[in-house]
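Colleague: I've got a model open and I'd like to learn how to read it. Could you walk me through it, feature by feature?

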Amino acid sequence: MTLDQLRPVTDRLITPFVTGARRLGLTPNAVSVVALVVAGGAAGAFAVGDSNSRWYLVGALLVFVNGWLDLLDGALARELATDSAAGDLLDHVFDRYADLLLVIGLAAGIGRWDLGIAAVTGVLMTSYLGTQAQAVGLDRVYGGLLGRADRLALMGVVGGIAAFYPDSIYGLSVVGWVLVVFAVVGHFTALQRFYYAMGDLS
């Protein structure tokens, strides 16, 4: 289930936005900063969503904007031929902070810090294993069941559902269940990436 496999399609769809960003004089780093700010806005909306469920819609929209900007910064860097190791590092650091903000926002909204901590560890280990493969000389690993694009898509969809369906399902709201998915499937994805990397190293 990884939406990262659709990257060639999204690269074509985002071309007009790259052209627009270039005409506006935006830099890839500026887009990365805006993406992080948008993620912070989404986290804030999720954090108050349980008291006013319509905020979940705002959070869902901002999550999709964050994902779109995350695609845009890399595509813009390639278009301007300014892609660099420093830009790649900044993008990944901001992505991890965005991931943390979003998961914390979801957990805060329903007051389930236990699920939030479990979800954060799954999310961070998935990302860590993807880049650690590159650190030992392999290509960066994007495979596995739950990549970043999948997480953002799930957050957006679940945010939309939570705005209209606040009821519990087997003791948890849909937001609680998505945190469970991030925890369980996130760690499974990390183990998948570890397995792939070890196989390539052996």
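This is a predicted model: local features need pLDDT of at least 70, side-chain atom pairs count only at pLDDT 80 or more; totals for chains, interfaces and linings use all residues.

Modeller: Let's start with the record. An unreviewed UniProt entry lists residues 30-48, 55-77, 97-124 and 171-191 under "transmembrane region". Residues are numbered from 1 along each chain as its sequence is written, and side-chain values use heavy atoms, with hydrogens and water left out.

Colleague: How much helix is there in residues 55-77, and how far apart are the end C-alpha atoms?

Modeller: Helices here are DSSP runs (H or I, at least four residues), numbered from the N terminus. Residues 55-77 are 100% helix and 0% strand, with 33 Å between the end C-alpha atoms. For residues 97-124, the figures are 93% helix and 0% strand, but the end C-alpha atoms are 10 Å apart.

Colleague: And what span does α5 reach from its first C-alpha to its last?

Modeller: The expected span of a helix is 1.5 Å times one less than its number of residues. With 26 residues, α5 reaches 38 Å, close to the 38 Å expected. After α5 comes G111, with a positive phi near 65°.

Colleague: Is D95 buried or exposed?

Modeller: Buried means under 20% relative accessible area, exposed means over 50%, and partly exposed is in between (1.4 Å probe, protein chains only). D95 sits in helix α5, residues 85-110, and counts as buried because its relative accessibility is 10%. Contact means heavy atoms within 4.5 Å. Leaving aside neighbours within four places in sequence, D95 is in contact with D70 and R148.

Colleague: How many salt bridges does the structure hold?

Modeller: A salt bridge is a side-chain nitrogen of Lys or Arg within 4 Å of a carboxyl oxygen of Asp or Glu. The structure holds seven. One of them joins D95 and R148, with the closest N and O atoms 3.8 Å apart. That pair links distant parts of the chain, D95 in helix α5 and R148 in helix α7, 53 residues apart. Both D95 and R148 are buried.

Colleague: Which residue forms a salt bridge with D99?

Modeller: That's R151, at 3.2 Å between the closest N and O atoms. This pair also links distant parts of the chain, with D99 in α5 and R151 in α7, 52 residues apart. D99 and R151 are both buried. A network of salt bridges links D70, D95, R96, D99, R148 and R151. For another setting, take D114 and R112, whose side chains meet in a salt bridge at 2.8 Å, N to O. D114 is partly exposed because its relative accessible area is 46%, and R112 counts as partly exposed at 29% relative accessibility.

Colleague: Last one: where does V180 lie, and which residues is V180 in contact with?

Modeller: V180 lies in helix α8 and counts as partly exposed because its relative accessibility is 22%. Apart from neighbours within four places in sequence, V180 is in contact with L115 and L172. V180 and A118 are 62 residues apart in sequence, yet their C-alpha atoms are 7.7 Å apart in space.

How values were computed. Helices (H or I, at least four residues) and strands (E, at least two) are DSSP runs, numbered from the N terminus. UniProt positions are given in the numbering used here, feature names are shortened, and annotations may be inferred rather than shown by experiment.
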